[in-house]
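Dear colleague,

Please read them alongside the coordinates.

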Amino acid sequence: MDQQQILIFDTTLRDGEQAPGFSLRTDEKLQLARQIDALGVDIIEAGFPIASPADAEAVRLIATEIRRPIIAGLARCHQADLDRVAWALEPAERGRIHTFIATSDLHLQAKLRLTREECLERAVESVWYARQKTDDVQFSAEDATRSDVDFLCRVVEGVIAAGATTINLPDTVGFSTPDELRDFFVTIRERVPNADKAVFSAHCHDDLGLAVANSLAAVQGGVRQVECTVNGIGERAGNAALEEIAMAMHVRRDRMPYTVNIVHKQIFESSALLTRLTGERVQANKAIVGRNAFAHEAGIHQDGMLKDRRTYEIMRAEDVGAPWNPMVLGKHSGRHAVQQRCTDLGLDVEAGELRDVYRALMAIADDRKVLTDTDVTEVVNDVRAASAAAGAPSDAHA
Ligand code: KIV
Ligand code: ZN
């Protein structure tokens with residue numbers, strides 16, 4: 001693998017879909033998987049087959065229909081889970097078994113009631129068992145970032161020796177900071193003797209709003225696979241947002257000179273499809289895909305934008321396949337923006353007329369947040385009618 005290649009592992013259909021309000025029917029999962037394939041991701045985690053027969057069928061259907069990316073299925077370190085994933089992935093062109101167990105003392109004691117030694121044994125046995133079924137096995141150490149580092153190194157070494165080809169170390173509860181996570185991956189990769197035999201992966205949750213920053217820092221710590229979801233959906237505050245990672249790496253390739261296979265122009269449609277299927281909208285100011293992400297209302301900003309888009313834009317809506325109608329007219333808009341919107345609507349207003357149109361629109365905007373194109377057209381027509389009634393030549397504005 002090219003050392004600068006960053007694999008994008010999409011878990012919208014697994015970590016994302018398991019969050020409240022985001023569950024999908026099988027046909028909807030397939031529709032979304034097709035769009036995520038068009039987005040160019042390298043791996044699609046299609047579900048958690050042991051969770052229900054419907055989940056297993058959905059993973060199998062996606063593995064049958066979607067041929068380009070690797071299709072992954074999640075399994076706990078239990079034979080029954082691993083068998084179910086192996087069944088679901090049978091039709092895949094390239095399938096990956098993704099098995100996980102928690103490694104932090106807190107999870108081992110409070111949740112799994114296992115000793116560290118039992119955990120290590122179960123992890124190694126499960127990876128070995130999974131490798132009897134496929135060559136592509138990913139191991140995740142749940143709550144890795146709150147685990148004892150010496151113990152975690154032993155687990156990672158053991159599962160690589162048993163055949164794991166990808167090692168994912170999740171920040172399961174979104175507790176890490178970027179500098180800490182970068183150092184964490186550097187340390188683990190330095191201390192595990194067979195670390196060079198596996199691809200390291202980050203899976204960051206957004207409890208402190210740091211998931212994307214943490215994922216990018218992990219890449220700087222040597223990670224070559226990043227797990228993320230469309231719109232950042234996922235357990236609790238969600239996972240790292242795929243669109244933010246992809247565009248950060250694209251816009252700031254001067255600082256992050258990596259290769260990522262994402263088709264940027266498919267970003268907006270992927271986000272919109274997810275919203276249509278789940279009915280869960282993204283916040284208006286969400287980076288990249290929110291409805292205000294490329295909108296400008298303040299007069300100074302609109303004026304700058306009309307003179308040169310680069311004044312207030314570091315990327316363009318068109319780059320991510322979003323419709324571009326950036327000038328939100330409201331009470332902060334300047335005359336220049338109002339004039340431009342009139343021109344866009346085919347209403348060429350003269351300087352004298354513009355003053356009256358502007359004044360009338362701002363009076364409406366005082367009561368309302370946003371002015372629509374209908375408001376603009378009606379106001380221009382009213383101003384023209386008033387000036388015609390006052391005796392101005394009727395064809396002056398034709
Ligand atoms: O957050 C997490 O730890 C996970 C693992 C199962 C990969 O989702
Ligand atoms: Zn997760």
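Four elements, α1 (12-16), β4 (95-102), β5 (137-142) and β6 (166-171), each supply at least two residues of the shell around ligand 1, helices (H or I, at least four residues) and strands (E, at least two) being DSSP runs numbered from the N terminus. This is a predicted model, in which local features need pLDDT of at least 70 and side-chain atom pairs count only at pLDDT 80 or more, while totals for chains, interfaces and linings use all residues. Residues are numbered from 1 along each chain as its sequence is written, chains are lettered from A and ligands numbered from 1 in the order in which they are written, and side-chain values use heavy atoms, with hydrogens and water left out.

The residues surrounding ligand 1 (a heavy atom within 4 Å) include F100, E142, N168 and T172.

Oxygen atoms of ligand 1 make polar contacts (pairs of N or O atoms within 3.5 Å) with side-chain atoms of R14 at 3.0 Å, of D15 at 3.0 Å and of H203 at 3.1 Å. The protein covers 94% of the 260 Å² of accessible area that ligand 1 has on its own (Shrake-Rupley method, 1.4 Å probe).

The zinc ion (ligand 2) has as its protein donors (N, O and S atoms within 2.8 Å of the metal, or 3.2 Å for Na, K and Ca) D15 through OD, and H203 and H205 through NE2, at 2.0 to 2.1 Å. Along the chain, these donors follow the spacing D-x187-H-x1-H; because water is not among the atoms, sites may look incomplete.

Best regards

Methods: A polar contact is a pair of N or O atoms within 3.5 Å; within protein, one must be able to donate a hydrogen and the other to accept it, and residues adjacent in sequence count only if both atoms are side-chain atoms.
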